[in-house]
Amino acid sequence: MTMISAREFACWLRNRFADEEQGVCLTRDDINQLTGRQGFTLDFVHDIHYELMQHGMAFVTDTCRETFYLMPVSKKPWREQLESQYERELFYNVLPLDKSG
């Protein structure tokens, strides 16, 4: 197997997992096997992330750099999310008035 570049790997990930709503995770060994590498640097991970962010996907790692996460990036602004959540909570917290008493 030939070693593939970060761009090629990002393209492969995007083609296979673009519709995945929850994302997927990969181990260091998975990436080595899929890319034909014996090891890789954090720059390789950054390059993959850069390529995928252009398509609304993030590629990040845990602090030990053993597990990597591919996930969709939300485009919903935080304020809109909080306002939507507040409206739902307000609706559910409204108690009906007892008109018989």
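I count two rings of Phe, Tyr or Trp (its six-membered ring) as a pair if their centres lie within 6.5 Å; planes under 30 degrees apart are stacked, over 60 edge-to-face, and the rest tilted. With that rule I searched the whole structure and found five aromatic pairs. One of them is F9 with W12, a stacked pair at 6.0 Å centre to centre, with 10 degrees between the planes.

**Ground rules**

I am working on a predicted model, in which local features need pLDDT of at least 70 and side-chain atom pairs count only at pLDDT 80 or more, while totals for chains, interfaces and linings use all residues. Residues are numbered from 1 along each chain as its sequence is written, and side-chain values use heavy atoms, with hydrogens and water left out.

**Aromatic rings, continued**

I placed F9 and W12 next. Both sit in helix α1, three residues apart, about one turn of the helix. F9 is at 0% relative accessibility, so F9 counts as buried. W12 is at 26%, so W12 counts as partly exposed. I also noted a cluster: ring pairs link F40, F44, F59 and F68.

**Whole chain**

I listed the elements. The protein chain has four helices and three strands. From the N terminus on, their order is α-β-α-α-β-β-α. The chain has 101 residues, and buried residues make up 22% of them. For contacts I took heavy atoms within 4.5 Å. Among contacts in the chain with a separation of 6 or more, 55% come from residues 24 or more positions apart.

**Helices α1 and α3**

Two packed helices are described by the angle between their axes and the distance between the axes. My axes are lines fitted to C-alpha atoms, for helices over the stretch in contact, and angles run from 0 to 180 degrees between N-to-C directions. Helix α1 (residues 6-17) packs with α3 at an angle of about 50 degrees, and the axes are 8 Å apart. That makes α1 oblique to α3. (Under 35 degrees is roughly parallel, over 145 roughly antiparallel, 65 to 115 roughly perpendicular, and the rest oblique.)

Which residues meet? From α1 I noted A6, R7, F9, A10, L13 and R14; from α3, F44, D47, I48, E51 and L52. By class, this contact of α1 with α3 has seven nonpolar, no polar and four charged residues. (Ala, Val, Leu, Ile, Met, Phe, Trp, Tyr, Cys and Pro are nonpolar; Asp, Glu, Lys and Arg are charged; the others, Gly among them, are polar.)

I then looked up E51. E51 lies in helix α3 (residues 42-53). At 17% relative accessibility, E51 counts as buried. Leaving out residues up to four places away in sequence, E51 touches R7 and A10.

**M3**

M3 is in the segment before α1. What does M3 contact, leaving aside neighbours within four places in sequence? I found T35, G36 and R37. M3 and T35 are 32 residues apart along the chain, yet their C-alpha atoms are separated by 5.5 Å.

**Loop between β2 and β3**

I checked R65 in the loop between β2 (57-61) and β3. R65 is not a glycine, but has a positive phi of about 60 degrees. At 39% relative accessibility, R65 counts as partly exposed.

E66 lies in the loop between β2 and β3. E66 has 42% relative accessibility, so E66 counts as partly exposed. Beyond four places in sequence, E66 is in contact with L26, T27, R28 and T61.

**M71**

M71 is in strand β3 (residues 67-72). At 30% relative accessibility, M71 counts as partly exposed. Leaving aside neighbours within four places in sequence, M71 is in contact with G23, G56, M57, A58 and V60. I also noted D19: M71 and D19 are 52 residues apart along the chain, and their C-alpha atoms are separated by 9.9 Å.

Terms used. Helix = DSSP H or I, 4+ residues; strand = E, 2+ residues; numbered from the N terminus. Buried < 20%, exposed > 50% of the residue type's maximum accessible area, 1.4 Å probe, protein only.
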